[in-house]
Amino acid sequence: MPSYSRPLVSKLPRVGTTIFTVMSRLAQEHGAINLSQGFPDFDCAPALRALVTKYINAGLNQYPPMAGVPRLREAVAEKVERLYGAAYDVEHEVTIVPGATYGIYTAMATLVRPGDEVMLFEPAYDSYAPAVEVHGGVPVYVQLTYPDYAIDWQAVQRAITPRTRAIIINTPNNPTASVFSAEDMRMLDGLLRDTDVVVVSDEVYEHIVFDGHQHQSVARIPGLADRSFIVSSFGKTYHVTGWKMGYVLAPRELMAEFRKVHQFNVFVANGPIQHALAEYMQDRDAYLSLAAFYQRKRDFFLKALAGSRFVPLPSRGTFFQNLRYDAVSDERDTDLAVRLTREHGVASIPVSVFYREPPAHKVLRFCFAKSEDTLARGAEILSRI
Ligand SMILES: Cc1ncc(COP(=O)(O)O)c(C=O)c1O
């Protein structure tokens with residue numbers, strides 16, 4: 001086995017194995033119901049699978065265009081204009097990428113120089129800070145208020161400095177399941193108006209907003225769309241997280257720089273899957289019905305938990321339900337998450353792992369992108385604790 005014995009200064013000294021890998025592994029070891037990692041335990045639509053096969057068999061197996069297959073870029077631009085009112089130029093302002101994580105990383109590679117500050121809201125999705133730091137940037141954290149996970153706009157204002165290069169927002173939000181309101185978007189627009197701050201808007205859960213509310217895309221607000229990278233993921237929308245497919249939208253000037261990096265980072269995303277997604281996107285109902293689909297799962301899970309000592313926090317979007325456990329245990333959330341998996345057979349994610357300095361909140365995140373049978377069995381165990 002080869003071994004490297006010279007000094008190596010890590011660019012990401014704080015990064016280890018992610019909690020998602022740890023909890024999924026633990027769940028497997030203990031045969032636990034896995035409500036930890038955010039992926040469905042059901043398959044995607046057979047029609048979508050058939051389309052991928054169709055395009056592979058049709059021989060579309062070589063490099064597609066660097067920015068993405070034109071018909072898929074057209075389908076994305078058409079959807080975004082119809083839903084959010086912003087017209088993105090297919091030639092220059094839409095790029096198909098291998099997943100949203102990649103889109104965010106490449107946006108950071110495009111924007112961040114050593115010493116630049118990038119504002120993040122905490123709790124924050126775990127890929128954001130490393131994507132900033134690996135490019136020499138400095139994450140600047142603004143805490144979402146607890147327990148409603150709202151945005152303290154005064155704190156945002158205080159955190160903006162001449163070094164602020166970008167701000168990463170995420171609505172609907174993982175891990176809090178909170179969403180931006182139209183007023184939040186107006187506040188952001190107003191605060192950034194006299195700055196050069198670029199917004200990287202992670203909208204991977206754009207089609208999973210509950211209770212009749214609308215997704216607040218930055219594309220709805222011209223002043224924000226003009227300064228934003230929008231990143232979305234087909235993985236979340238079509239139950240195909242393993243395909244790692246997404247798209248990025250930005251004004252032409254920003255996108256031209258993004259594509260310079262993209263060209264040498266990966267060059268292209270999977271070709272036959274792009275053709276399949278382009279055809280599948282013609283069925284609007286597949287993404288427009290997603291919110292109702294997941295709302296039913298949320299409500300099923302909550303009903304099955306009624307009477308439990310775990311107390312639900314609002315889940316306004318995404319496929320996550322956070323539960324407070326103040327009445328159950330004094331343990332730290334990381335300890336309880338491990339014990340629940342080992343001793344009770346249900347795996348979750350401790351929300352403190354999404355913080356740099358974990359607060360003492362007693363909250364676990366449960367993923368309800370699962371079959372009703374899985375949710376019922378998970379809720380039954382939780383109700384007995
Ligand atoms: C907020 C958020 N952004 C990005 C991603 C990653 O998306 P993708 O699998 O397309 O890279 C996830 C997946 O969990 C997520 O929750």
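**Cavities and ligand shell**

Phe121, Pro123, Ala124, Tyr125, Tyr128, Ile168, Ile169, Asn170, Asn173 and Asn174 form the lining of the second largest cavity. The model is a predicted one. Two cavities of 30 Å³ or more were counted.

**Second largest cavity**

- This cavity holds about 40 Å³ of space.
- Strand E5 (residues 164-170) contributes the most to its lining, with three residues.
- By class, the lining has seven nonpolar and three polar residues, and no charged ones.

**Largest cavity**

- The largest cavity holds about 50 Å³ of space.
- Its lining consists of Lys79, Glu206, His207, Ser232, Ser233, Phe234, Thr237, Tyr238, Tyr247, Met281 and Tyr287.
- Strand E7 (228-233) and helix H9 (234-237) each provide at least two of the lining residues.
- Five lining residues are nonpolar, four are polar and two are charged.

**Ligand**

- Ala100 places a backbone N or O atom 2.8 Å from an oxygen atom of the ligand.
- Thr101 has a polar side-chain atom 2.7 Å from a ligand oxygen atom.
- For Tyr205, a polar side-chain atom likewise lies 2.7 Å from an oxygen atom of the ligand.
- On its own the ligand has 400 Å² of accessible area, and the protein covers 93% of that.

Methods: Residues are numbered from 1 along each chain as its sequence is written. This is a predicted model: local features need pLDDT of at least 70, side-chain atom pairs count only at pLDDT 80 or more; totals for chains, interfaces and linings use all residues. Side-chain values use heavy atoms; hydrogens and water are left out. On a 1 Å grid over the protein atoms alone, a cavity is a set of points where a 1.4 Å probe fits but cannot get out, and a pocket is an open set with protein on both sides within 12 Å along at least five of seven lines; lining residues have an atom within 4 Å of a point. Grid points are joined across faces, edges and corners, and a volume is the space filled by probe spheres set on the points. Helices (H or I, at least four residues) and strands (E, at least two) are DSSP runs, numbered from the N terminus. Ala, Val, Leu, Ile, Met, Phe, Trp, Tyr, Cys and Pro count as nonpolar, Asp, Glu, Lys and Arg as charged, and the others, Gly among them, as polar. A polar contact is a pair of N or O atoms within 3.5 Å; within protein, one must be able to donate a hydrogen and the other to accept it, and residues adjacent in sequence count only if both atoms are side-chain atoms. Accessible areas come from the Shrake-Rupley method with a 1.4 Å probe; for residues, only the protein chains shown count as cover.
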